[in-house]
Amino acid sequence: MRISAVFLLLCSSLVWAQSIPPTPFEQTKKQSLPDSRTIDDYLMTLDTLSPRARRVALGTSAGGRPIPALLLSESPSFLQGAVGEQHKPTVMMFGSQHGNEPSGAEAMQQLARELVAGEHPELLRRLNLVLVAMANPDGRDLSSRHNANNDNTNIDYVALQAGETRLLVDALHRFDPDVVFDAHESGIWKRVLTREQGWMTDVEAQFDMGNNPNIDGRLREYTEHTLLPALIERVSSAGLAAVRYRGEITSLDQAVSRGGLGITNLRNYAAMQGRVSILVENRLDNKAGVYATPRNIAERVRKQHLSMLAMLQLVADEAEPLLALSHRARQRWQSADADRTLWMGVSFGTNREQPEITLPLVRMADGHKQLHRFRNREAIVTREPVPLAAAYAVTRERERMARWLAHHHITFETVSEPRQLLVDRLEITAVRKQSEARPGVREKVKPEVRVNRQSVTLQRGDLLVPMGQPLAPLAALMLDPRSANALYQEEGWSWLQPGAFPVFPVVEY
């Protein structure tokens, strides 16, 4: 072990002695964005130059473009086998899930260059990093939010329709991060707010967290009341005005809340797995502005880099409590002593203590800044508490469901012979379309469900999904038709019809 450490130190010294090339974006004097293959070539260069960097392939996009990750660590076991360390957080960072939000990818390359060159040395002593600079390389090259198949991978974490989303879920399990950081940009120009009403948003950096109320309570409390305020303070102190995310403001007449509560997005999906999950939405400047670089891209990358660096430094400082809470959250659903109740209905409602808030906007015509009042719907409303069952039974499209469960890394078994079990059979008595989607979730229809406790005989080939596993809350919320986050709300899974539902809780397993 000592010889390995000495060898790593020697190799690192040699790397620092030689010149680390600037990123492809920096090589253009920050005037032009490189394509995805050029970025991948740069990650390979860093791999070649440094014993602290390793480029690994995660898979390919719908358009056939490689999706790589760059591992950065002082630990040979992490670099070679993705083996984490007990007292060192693993941080996984995602850039450009929306391909037309490129600054995150460029900031991550800059950060990687700096770490390889020996800058910020305390970070690699205290953290293991996984950088996925291009989560959507198709969108990157096509200047699109979507991949080459027109999938919006950013909201595909329930259905897992896109291959990109599936491989990113695989990467979560492969590297098992304690912290997930998702970098986005938010445009200040909005179709209604700007073109019709004459105003633009006026924020520099916004941060949010996994906020679904079914996330482990201690982890959510720590992230919301300790980690997130500290991050906002650090970024603001570094000269970039940062606030808590208020969602997209698209009209003067709307209500405002927070980032969505649904588990279709990476932020909540990762947090439901027991990981600290942070979102940044940095300012995406107006196309019509006059800047030193195209659409102010150099400044946008600077802000993303500042946000990322502040986050990493904070995580390193908070390593002990963060690791304790994250590890506990990933294991507690296996314990019969845990509070095993889930909220099937979640949405935002009026904050009765502060029903209105003021937010700054900028007038498009002359740049005048003004505070505007908005209805404040940031209160999280929960409905329909359901005790976590012993298991869920699946009796329809079993092969397809087995593939879907496997993509989520959810443990299940296939019934090999008829088996009688006590269950809560779910009967849908009516289905009504939502006239307006509940704020924060993608609940398109609402089923009325009657519960009948009875004995049922499962047949050979049916599936049983046990709830004594770390992914139990995630699995239950996606499988249960009463859930606002159910799989059956997604395109291609239109199972919510009157009658006995083919997926139901098992009482005794």
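Contact is taken here to mean heavy atoms within 4.5 Å, and helices (H or I, at least four residues) and strands (E, at least two) are DSSP runs, numbered from the N terminus. The structure is a predicted model, in which local features need pLDDT of at least 70 and side-chain atom pairs count only at pLDDT 80 or more, while totals for chains, interfaces and linings use all residues. Residues are numbered from 1 along each chain as its sequence is written, and side-chain values use heavy atoms, with hydrogens and water left out.

Helix H14, which spans residues 398-407, has Met401, Ala402, Trp404 and Leu405 as its buried residues, where buried means under 20% relative accessible area, exposed over 50% and partly exposed in between (1.4 Å probe, protein chains only). Because these residues cover an arc of only 165° around the axis, they lie on the same side of H14; the arc is that of the directions from the helix axis to the C-beta atoms. The cover over the buried residues of H14 includes strand S15 (391-394), strand S19 (463-466) and helix H15 (472-479). After H14 comes His409, whose phi is positive, near 65°.

Two helix pairs were examined for packing, with axes defined as lines fitted to C-alpha atoms, for helices over the stretch in contact, and with angles running from 0 to 180 degrees between N-to-C directions. Helix H3 (residues 36-49) packs with helix H5 (residues 103-116) at an angle of about 15°, the axes being 11 Å apart. This angle makes H3 roughly parallel to H5, since angles under 35 degrees count as roughly parallel, over 145 as roughly antiparallel, 65 to 115 as roughly perpendicular and the rest as oblique. The crossing of H3 and H5 is left-handed, a term used if the near helix is turned anticlockwise from the far one by less than a right angle, with right-handed used if clockwise. On the side of H3 the contact is made by Ile39, Tyr42 and Leu46, and on the side of H5 by Glu106, Gln109, Ala112, Arg113 and Val116. The residues of this contact comprise 5 nonpolar, 1 polar and 2 charged, where Ala, Val, Leu, Ile, Met, Phe, Trp, Tyr, Cys and Pro count as nonpolar, Asp, Glu, Lys and Arg as charged, and the others, Gly among them, as polar.

In the second pair, helix H10 (residues 217-237) and helix H13 (residues 319-331) pack at an angle of about 155°, with their axes 9 Å apart, and H10 and H13 are therefore roughly antiparallel to each other. The crossing of H10 and H13 is left-handed. Arg218, Leu219, Tyr222 and Leu227 of H10 make the contact with Pro321, Leu322, Leu325, Ser326, Arg328 and Ala329 of H13, and the residues of this contact divide into 7 nonpolar, 1 polar and 2 charged.

Individual residues were also considered. His372 is placed in strand S13 (residues 369-376) and, at 13% relative accessibility, counts as buried. Although His372 and Leu252 are 120 residues apart along the chain, their C-alpha atoms are separated by 7.9 Å. When residues up to four places away in sequence are not counted, His372 touches Trp199, Leu252, Ile357, Thr358, Leu359 and Leu361. Leu79, in helix H4 (residues 76-81), is buried, with a relative accessible area of 4%.
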